[in-house]
Amino acid sequence: MSQTNQRWSSSTKSMDDGMLDVLLAGAGRAAEALLHQSVSQSVSRKPNQAGIEEEERGSLLSKMLPFSSAAEAEAALGRGMTAAESLWFSYSASLPDHLLYCHNVAILLIVYTIAPLPFALLDILRSPSPPKLQPRAPRLTPAQILRCYLDTARILLLTVGALSIFSFPVVRAVGIRTGLPLPSLGEVALQMLVYFLIEDYLGYWIHRLLHTPWGYDYVHRVHHEYSAPVSYAAPYSHWAEVLILGVPSFTGPAIVPCHITTMWLWFVLRHVEAIEIHSGFDIPFNPTKLIPFYGGAEHHDYHHRVGQKSQSNFSSVFTFCDYLYGTDKGYKLHKASLTKLKEMAAENNLEQAASLEQARKNDFDKKP
Ligand SMILES: [Zn+2]
Ligand SMILES: [Zn+2]
């Protein structure tokens with residue numbers, strides 16, 4: 001059987017189609033019916049065959065890659081492949097589906113290695129700009145940052161690696177596809193929005209559970225070791241937390257199945273977003289500040305700053321869950337006191353500013 005016929009997203013539908021042909025054609029055509037699932041059978045279909053077959057073919061096209069050559073793929077698509085589709089065809093046609101899925105591990109490790117680097121360099125160089133969100137917190141040394149990177153990479157490799165091997169049947173069952181055509185930009189954008197919303201909502205409640213005494217002491221305490229987070233500490237967590245937080249990340253694609261390239265993009269964007277909110281820097285003109293209800297680095301940095309006792313800012317992406325469930329009160333007090341401090345400093349009322357700063361340190365941060 002052709003390797004292109006191993007597309008796991010095609011399993012249910014193509015098997016049904018194959019069985020239907022067997023029944024229709026009778027025992028004498030059983031071999032041909034089996035070939036229905038193969039490349040040669042796909043090629044034999046004419047673009048203008050009966051309507052039911054057209055419908056069947058359309059369904060197959062959206063779920064599988066049953067072509068052995070670019071010409072066959074274009075004939076079945078009824079158009080030429082785009083540059084992206086040609087690239088995808090040449091890359092994926094001969095790769096087993098499980099191997100394609102396991103690309104997740106390499107992608108996550110590459111993103112985790114490269115994306116935090118600019119922020120880490122700013123930390124290592126003790127750059128005064130952009131400003132740190134916790135300017136008085138001691139900056140990590142290169143050796144400490146390297147230790148954080150190596151510890152985290154090891155946990156990611158073990159957990160995400162194991163998950164990629166054992167979750168493959170689930171990914172296949174929910175209908176993640178690998179074939180042609182590739183999704184449109186509009187489809188990808190809508191799926192990203194849905195995935196971020198689901199991630200934010202489920203992640204909010206999981207994070208709140210992790211702040212119960214048991215959840216914090218046995219699991220979440222590890223992630224809070226960095227009270228002034230740095231970019232490489234974004235996924236720094238207990239191995240159980242890495243697995244638990246995989247649930248909200250995977251729920252979106254499970255509810256709204258996508259192409260595997262969309263899934264890769266989703267994991268990359270989610271990872272980059274987590275790195276940005278743990279950067280420890282308040283980046284001026286950051287384009288993410290234009291995203292409505294986006295929490296950003298300042299929002300999550302406050303959660304780390306307060307630590308175990310924090311009852312604020314459990315959301316990892318947006319701010320509306322904390323607003324809706326009233327878990328942004330401590331953050332609001334913090335922001336109000338900062339604004340007041342800036343006003344006093346501007347008025348040169350340094351004595352009053354120092355007194356407020358002391359009160360803020362003693363009080364606001366530890367209250368919900
Ligand atoms: Zn937390
Ligand atoms: Zn965090």
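## A tour of the predicted model

Begin by selecting Pro181, which is placed in the loop between α10 (168–174) and α11 (185–210). This is a predicted model.

Next, select Pro130, in the loop between α8 (117–124) and α9 (142–166). Here too there is a cis peptide bond, running from Ser129 to Pro130, with omega near 0°. Most peptide bonds are trans, and most residues other than glycine have a negative phi.

Go to the loop between α15 (260–277) and α16 (296–306) and pick Phe285. Its phi is positive, near 60°, and Phe285 is not a glycine. Is Phe285 buried or exposed? Phe285 has 7 other C-beta atoms within 10 Å, so it counts as exposed.

Stay in the loop between α15 and α16 and move to Phe293. Phe293 also has a positive phi, about 65°, without being a glycine. Its C-beta neighbours inside 10 Å number 12, and Phe293 is therefore classed as exposed.

Now show helix α7 (residues 97–114) together with α9. Their axes are 9 Å apart and meet at an angle of about 165°. Angles over 145 degrees count as roughly antiparallel, so α7 and α9 are roughly antiparallel to each other. The crossing of α7 past α9 is right-handed. To see the contact, select Tyr101, Cys102, Asn104, Val105, Leu108, Leu109 and Tyr112 on α7, then Ala153, Leu156, Leu157, Val160, Gly161 and Ser164 on α9. What classes of residue make up the contact of α7 with α9? There are 10 nonpolar and 3 polar residues, and no charged ones.

The next selection is the largest nonpolar core, which has 40 residues. Those with the most contacts inside this core are Ile145, Cys148, Val230, Tyr232, Ala233 and Met263. Two or more residues each come from α7, α8, α9, α11 and α15. Which element gives the largest share? That is α15, with 7 residues. In soluble globular proteins, nonpolar side chains tend to be buried together.

Centre the view on Ile145. Apart from neighbours within four places in sequence, Ile145 is in contact with Ala120, Asp123, Ile124, Leu140, Val230 and Tyr232.

Note on methods. Residues are numbered from 1 along each chain as its sequence is written. Chains are lettered from A and ligands numbered from 1 in the order in which they are written. This is a predicted model: local features need pLDDT of at least 70, side-chain atom pairs count only at pLDDT 80 or more; totals for chains, interfaces and linings use all residues. Helices (H or I, at least four residues) and strands (E, at least two) are DSSP runs, numbered from the N terminus. A residue is buried if 20 or more other C-beta atoms lie within 10 Å of its own, exposed if 12 or fewer, and partly exposed in between; C-beta atoms are placed from the backbone. Axes are lines fitted to C-alpha atoms, for helices over the stretch in contact, and angles run from 0 to 180 degrees between N-to-C directions. Angles under 35 degrees count as roughly parallel, over 145 as roughly antiparallel, 65 to 115 as roughly perpendicular and the rest as oblique. A crossing is left-handed if the near helix is turned anticlockwise from the far one by less than a right angle, and right-handed if clockwise. Two residues are in contact if their C-beta atoms, placed from the backbone, lie within 7 Å. Ala, Val, Leu, Ile, Met, Phe, Trp, Tyr, Cys and Pro count as nonpolar, Asp, Glu, Lys and Arg as charged, and the others, Gly among them, as polar. A nonpolar core is a set of buried Ala, Val, Leu, Ile, Met, Phe, Trp, Tyr and Cys residues joined through C-beta atoms within 7 Å.
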